[in-house]
Amino acid sequence: MEYINCFQITSLVLVTMIAIHYFSHKRLNNAENRNFVCFLAFSGVYVLLDMLSAVIAGGGSREGCRRSSLVLTLYYFCDVILTYGLFCYIRIITGRQKEKYKWLKTCWVVLPAAMLLAVTANLRTGWLFYFNQEGRFIRGSFYFLIYGYVFFFMLVIVAFMLRYGKTAEKEIRRTIWRFWFIEAACLFLQIAAERILLTGFGLSVGLWLVYLTMNNPGEYTDSMTGLFDKQYFDKWIGEKLYRKESFHLLAVDARNMKQINRIYGTRVGDQLLIRMAKGFREITDSVQIFRITGNCFLAVLDSLTDYEKARDGIEEFLKKPFFIENEKVSFHAAICGIMNAEKLEKEDSILSYIEYMISLIQNRQDTVLIQSDSKILEGFRYEQEVEHFLQKAVKENLFEVYYQPVYSIKNKDFVTLEALSRLKHPVLGMIPPDVFIGIAEKQGMISAVGCIQLHKVCRFIKEHEYIMKKIQNVKFNLSPSELMKPGYSHVLIGIIQGYGLDPGYFQFEITENVATEYSESFCTAIDDFAEVGIHMCLDDFGSGYANLNAVLRIPFSAVKMDRSLLSGVSSDPQTATFYRSIVMILQHMGYKVIVEGAETEKEVKLLEKWGVDMIQGYYFSRPLCEEKLLEKIS
């Protein structure tokens, strides 16, 4: 029988193109890439042997029967290995290579091993195939076992994907199913029309599909710097952690890139990032460098010697100014070093830990190297535990509300309250508010926390309505993300009205940093509050970069002076004059001025002398729970 080999030639061209394109890109050494290379190599050999076996089987020559038999044996060897290899490759890319039970891994090897033995034994028995006296290819009595073996693993792949496929990404699932249908169609067509050999063609087309969607190194490469991206890091580092391989990390965060882009333009900023990426590659002499975010790079070093050399080299490299397009550009970088990073166990923990380390030095205005140690790691574990507990606290309503009364010098009594969120961990104790509130904002839970706390405040006031006769209003803090959330203002107003309380009894506090983020959502929220009589209070004035212009744009009825401004007023005349001037300006503009942080009698007397009426601080009262607050104001 003469076979049609045009599809085999096409298959060989396809496999060759994939190989050339794949090896022209840099790539990392991991199980998925190693298996893809093996699969690619076996596919090339399989297609080549497929062509040779078609020529041999259709030739019908007596000479070289033994050589022909050997070629076909190698061809079926590849057939057996590739079928099993495809299943193994699918297990890897779906994450199921991490089987816990060794006996299960062994079971998957038994059938391919037995089939390889059968193919080898065929050289003597001829049970699968043989050549007759005229040198023609004859199928043996058990030739169906070859197709049966292929069909068996194709069914196994179907069952496997139906059971475990959901663990893989949607695009990966689609690619595997497409590969399966292409190969199955080619196999059935080959059985139906024996002269057309299509299995190799189906294999090469499926391989091309896998390469384009899952194993193309170009897809995981940052287009600007040429480094690998975060998606590739997540895939690659997960395997290192699973294999418990030791490695060390160096992360570099260019912290003032926004400022550089604003001063020199984005073109210079992009060139700076490209120059940094090139420098890191040269210093580390490694391809294991990733661009995790826009301004953050990550190098993975396998030995401690390489790590220390790279750490010192990168620190020296970044402390020198860069000359780009005739501009001398200096920038501030945070260099984070983590030795034995495999102890963090999860790829998410690694990136979170780097983010935590960067946050520790975010106020520095120079290039700083921070080396991970037990103290920093302990702080990170603490935040992680708080983050985990925070989810439970939101779900089970574990927050508390404390109230700090504000004292009026004129009335000689407490006249208003600030509601403060508190959270107690069963082991860690009271968690600092700035810690759990910061985490809640980062995790998108602050809106839920705000609603929970406002419910508690409203319930407390409703149960003790006599407070409203003595206390002018209750101040409630709002975060930036709450105000920027469309429709959230109506939720807060609805909570207050749901308890039958007058919204005008509440005053919402926002920090000056929020006031500078003037957006449409922010303006809408302010208008919504004003419409129902809720007043606004500017909190922590003087702690950030806001100015009086920010105050003028928003209808604040009160301004709280940040406690940091009060430091030194009783000992430094210049500081006292500055503080008094700010108070006088605000009072002259018609704002009620509330001073935060007064702790000594000397400070209180100075404030009284300057005409300040309302003071909030430990001198008069610490934040109190509901029971102690009722005792205090009674």
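How many cavities of 30 Å³ or more does the structure hold? I found two.

Before going on, I noted that this is a predicted model, where local features need pLDDT of at least 70, side-chain atom pairs count only at pLDDT 80 or more, and totals for chains, interfaces and linings use all residues. Residues are numbered from 1 along each chain as its sequence is written, and side-chain values use heavy atoms, with hydrogens and water left out.

**Terms for the holes.** On a 1 Å grid over the protein atoms alone, a cavity is a set of points where a 1.4 Å probe fits but cannot get out. A pocket is an open set with protein on both sides within 12 Å along at least five of seven lines, and lining residues have an atom within 4 Å of a point. Volume is the space filled by probe spheres set on the points, which are joined across faces, edges and corners.

**Largest cavity.** I get a volume of about 60 Å³. Its lining is Tyr22, Arg27, Asn30, Glu32, Asn33, Met214, Asn215, Pro217, Tyr220, Tyr232 and Lys235. Helix 2 (31-59) and helix 8 (230-242) are the elements that give two or more residues; helices are DSSP runs (H or I, at least four residues), numbered from the N terminus. I also checked where this cavity sits: domain 1 (5-218) and domain 2 (220-372) both contribute to the lining, so it lies between them. The domain bounds come from an automatic or database assignment.

**Second largest cavity.** This one has a volume of about 40 Å³. I listed Leu86, Tyr89, Ile90, Ile93, Ile176, Phe179, Val210 and Met214 around it. Helix 3 (65-93) gives the largest share, four residues, and helix 6 (170-192) also supplies at least two. By class I count eight nonpolar, no polar and no charged residues; Ala, Val, Leu, Ile, Met, Phe, Trp, Tyr, Cys and Pro are nonpolar, Asp, Glu, Lys and Arg charged, and the others, Gly among them, polar.

**Helix 6 against helix 7.** I looked at helix 6 with helix 7 (residues 199-213): their axes (lines fitted to C-alpha atoms over the stretch in contact) come within 8 Å and cross at roughly 170 degrees. That makes the pair roughly antiparallel, a label for angles over 145 degrees on a 0 to 180 scale between N-to-C directions. Phe179 of helix 6 and Val210 of helix 7 are among the contact residues (heavy atoms within 4.5 Å), and both also line the second largest cavity.

**Largest pocket.** About 1,200 Å³ of space here. Of its 39 lining residues, I noted Ile437, Asn477, Thr511, Asp539 and Asp540 as the closest to the centre. The lining divides into 14 nonpolar, 13 polar and 12 charged.

Conventions:
Angles under 35 degrees count as roughly parallel, over 145 as roughly antiparallel, 65 to 115 as roughly perpendicular and the rest as oblique.
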